[in-house]
Amino acid sequence: MKVDLYEKIWMWAALGIVVLFLASLGFSYIGRAIQPPSHVEMIDPEAVRTDEEFGNPGVTINADGSATVVVQAFMFAFLPQEIRVPRGVPVTFRLTSADVIHGFQIVGTNGNTMVVPGYVSQFTTSFSRAGEYLIVCNEYCGLGHHVMSAKLIVEEGAGSAGSVGESGGVR
Amino acid sequence: MIGARRLALANFWVAITAFGVAAAMALMQALSRADLALPWRTPKMYYLSVTAHGVLMALIFTTFFIMGLGYVVTERSLDRPIKLRRVGWASFGLALLGTLLAAWAILWGKATVLYTFYPPLKAHPAFYIGAALLVIGSWGWSWVIIHTYLTWKRENPGARTPLPVHGYMTTIIVWILATIGVAAEVVLLLIPWSLGITEKIDPILARILFWWFGHPLVYFWLLPAYVIWYTMTPRIAGGKLFSDPLARLVFVLFILLSTPVGFHHQFLDPGVRAGWKFFHSFNTQWILFPSFVTAFTVIASFEVAGRLKGKKGWFDWLGALPWGNPAFSSVALSMIIFAIGGFGGAINAAYGMNAMIHNTAWVQGHFHLTVGTAVALSFMGIAYYLLPRLTGRELELSLLARIQPYLWFMGMLLFSVSNHLTGLAGMPRRIYQFDYGGSEIADQWVAGTGISALGGVLLFASALCFVAVMFGTGFAGKKAQPQPIEFAEPLETPNNKAQILDKFWIWVLIAVVLIMAAYAWPIGEHLATPRFGSRGYSPF
Ligand code: HEM
Ligand SMILES: [Cu+2]
Ligand SMILES: [Cu+2]
């Protein structure tokens, strides 16, 4: 198959770009262990409201200063409505849904996950900027979808001595 | 005159009607997202309309148009009548019946589940049965084209498969491999569940099967557009196809790469291990390659057109192209838009960046460039070329036809750029309004949604022009001696080079192995894990 010289150059360049993308993908995955949130843990959606953990959603500050935030999503709200975490510490979010699929997105950060009934979503991030953040549901869940939101307040607290990384880098 | 003319036209009319209805709903949505207080604006209307718009545009308009174009391209480029025309009509009838069933369920407010219909949102069974009939109808159409092709091969031993049919065969192969996923989802999971035969459903399993289908679906849309770009537009521009074997290579690569990539739509899903997401993400990056090659080959073919008109400079050949002919300008403009869409796509596919934009307005900004323009505008362009040739009438309202692609281009730039930006600023897609209890953070989306609404108005005006030209031509156009439908000749005839690119079974075999690796294993793993199910909800 005879290929025109310019086209050959172009094809090699295109191949180069693809290989570059693949290399950066492989590097971030293996080298820096940056992975999409892919927690595998099951929960009975009908038992969410009585579940020991998800039936009492809220923020826990752990012994090492990090925070764990347990969130219950349902049509059309998140519990807790207001989440307070210290600045600059690792914050692990654990979420599940009591009914349909929802989304959980902390606007202005890359804190973003699907919340699926029957499954527990989990991701860890940290916030370097104190202040108020808007949390929205970003998966259509019914006629009240556009009112489904919550508040995240990042506080300048005792645990927030050293700031970690850029704003809200999910790991 | 071609024998399958009426069959092709029937498919085109359904496509054009679906497009017109969906465009009217789109205008309402674009205005609503900008929070304009329209009198009939309610959440129920909004989400119903988004469901109808998504289904009519992404599933009905595209599928029927592709089927119609398939008949024309196959019959003309093989220069033999379509076989099994009755099966073609039966398939058309089934697909139309499915469309009407689903449309009934949607318009009566019983299926406001959006075109992705993720359970446990539960629609009326008519919606799922309608979807299944549409797919079965498309399989019937596939069989008609395959059968005609195989018959031609038997009649012409040793002849090279014409490129347009090569492209259409890859389209059909991609479609069949893709629809296995959605057929399994709809028939095994959703229909029994919506009828009450099964009580619970696993939402992640349903999403895996949906996106097995959902990503190759985009290549089912795109490949016929590529057939137009490679084999029809260069001819319309007065040029020749720059490289025939490379076009075949591109088509074959899509057979391999279309399907084992679906998890890139599920980067943020729980219940799917990161390793699988990485594997699909790895496969996804390769898809850039055939599209880069396409850009070069098609633009080089246009350059040939300019050169044939005697242009010698670096860029003056561009001016020699028929920009006033909507059949050409729409494709050229849609290619510019597709290049922008490609950059966005590379960002979507990198899961680190994906978390910034997943399910935000960015996504609707993105796919209105790709399917909403690269595909849809190319289809509109080729409709200007085909309709007079199929109906034996002159193009009516040709001034509207001439401005329509430019109007769409401008409207889409406004609509899409603003949606990309509000998406980056965190505005979710699929929302009726963005008040969020008077949130100041949500306030920063006001300007973007306003520009998007303006773009929506231009797009709607453009859609009206298109529909007016189509119906005007089809029903009131002046009778004329129809001109022939012709395809671009390659600069160099392919002779017997790279024959292997025409041996579809080899590529299908490799594709099946890749799909097994990418899906059979993770699905097996998933099924082996104890899971809970969900009951249905219909909060609409
Ligand atoms: C008349 C021009 C068009 C306008 C003004 C328009 C406008 C819109 C708007 C505003 C939405 C967002 C709804 C939301 O997420 O809240 C939307 C969704 C969508 N549009 Fe369009 N659109 C147009 C043409 C098209 C075309 C030609 C296609 C494809 C062939 C298309 C496919 C879709 C799809 C698949 C969705 C997603 C629905 C969903 O999220 O469930 N649109 N459109
Ligand atoms: Cu929601
Ligand atoms: Cu995809």
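**A walk through the predicted model**

R430(B) sits in the loop between helix 14 and helix 15 (440-443) of chain B. The model is predicted. The phi angle of R430(B) is near 55°, a positive value in a residue other than glycine. Most residues other than glycine have a negative phi. R430(B) is also buried, because its relative accessible area is 7% and the cut-off for buried is under 20%.

An N or O atom in the R430(B) side chain lies 2.7 Å from an oxygen atom of ligand 1. Two other side chains come into the picture here. R33(B) places a side-chain N or O atom 2.8 Å from an oxygen atom of the ligand. H368(B) has a side-chain N or O atom 2.8 Å from a nitrogen atom of ligand 1.

Now take in the whole shell. Ligand 1 is surrounded by 25 residues. The closest are R33(B), Y46(B), H53(B), H368(B) and R430(B). By class, 16 residues of the shell are nonpolar, six are polar and three are charged.

Which helices of chain B each supply at least two residues of this shell? They are helix 1 (5-33), helix 2 (43-78), helix 13 (361-391), helix 14 (398-424) and helix 16 (446-476). Helix 13 of chain B gives the largest share, six residues. Domain 1 (1-159) and domain 2 (336-344 + 351-486) each provide at least three residues.

Stay with helix 2 of chain B for a moment. T51(B) is found in this helix. T51(B) is buried, with a relative accessible area of 0%. A polar atom of the T51(B) side chain lies 3.2 Å from the backbone nitrogen of L114(B).

Return to helix 13 and follow the chain onward. The loop between helix 13 and helix 14 of chain B holds L397(B). Its phi is near 50°, again a positive value in a residue other than glycine. R430(B), by contrast, is buried.

The next stop is the copper ion (ligand 3). Three histidines of chain B coordinate this ion. H215(B) uses ND1, while H264(B) and H265(B) use NE2. The distances run from 1.6 to 2.0 Å. Along the chain, the donors follow the spacing H-x48-H-H. H264(B) is buried, at a relative accessible area of 10%. H265(B) counts as partly exposed, at 24% relative accessibility.

Helix 11 of chain B covers residues 326-349. Why does its length agree with expectation? At 1.5 Å a residue, its 24 residues should span 34 Å, and its end C-alpha atoms are 33 Å apart, so the two values agree. Of the 24 residues, 17 are buried, so helix 11 of chain B is largely enclosed by the rest of the structure. Look at the start of this helix too. There, a side-chain oxygen of N325(B) comes within 2.9 Å of the backbone nitrogen of A327(B).

Cross now to chain A. Two cis peptide bonds deserve a look. One joins M75(A) and F76(A), with omega about -5°. F76(A) is placed in the loop between strand 2 (67-74) and strand 3 (77-79) of chain A. Another cis bond runs from L79(A) to P80(A), with omega near -5°. P80(A) lies in the loop between strand 3 and strand 4 (82-86) of chain A. Most peptide bonds are trans.

Finish at strand 8 (residues 121-125) of chain A, which contains T124(A). What separates T124(A) and T92(A) in sequence and in space? They are 32 residues apart in sequence, and their C-alpha atoms are 4.2 Å apart. The two side chains make a polar contact at 3.0 Å. T124(A) is partly exposed, with a relative accessible area of 25%. T51(B), the threonine in helix 2 of chain B, is buried at 0%.

How values were computed: Residues numbered from 1 in each chain as written. Chains lettered and ligands numbered in written order. Predicted model: local features only at pLDDT ≥ 70, side-chain atom pairs only at ≥ 80, totals over all residues. Heavy atoms only, no water. Donors = N, O, S within 2.8 Å, 3.2 Å for Na, K, Ca; no water. Buried < 20%, exposed > 50% of the residue type's maximum accessible area, 1.4 Å probe, protein only. Near = heavy atom within 4 Å. Polar contact = N/O pair within 3.5 Å; in protein donor to acceptor, adjacent residues only side chain to side chain. Helix = DSSP H or I, 4+ residues; strand = E, 2+ residues; numbered from the N terminus. Nonpolar A, V, L, I, M, F, W, Y, C, P; charged D, E, K, R; others polar. Domains from an automatic or database assignment. Expected span 1.5 Å × (residues − 1).
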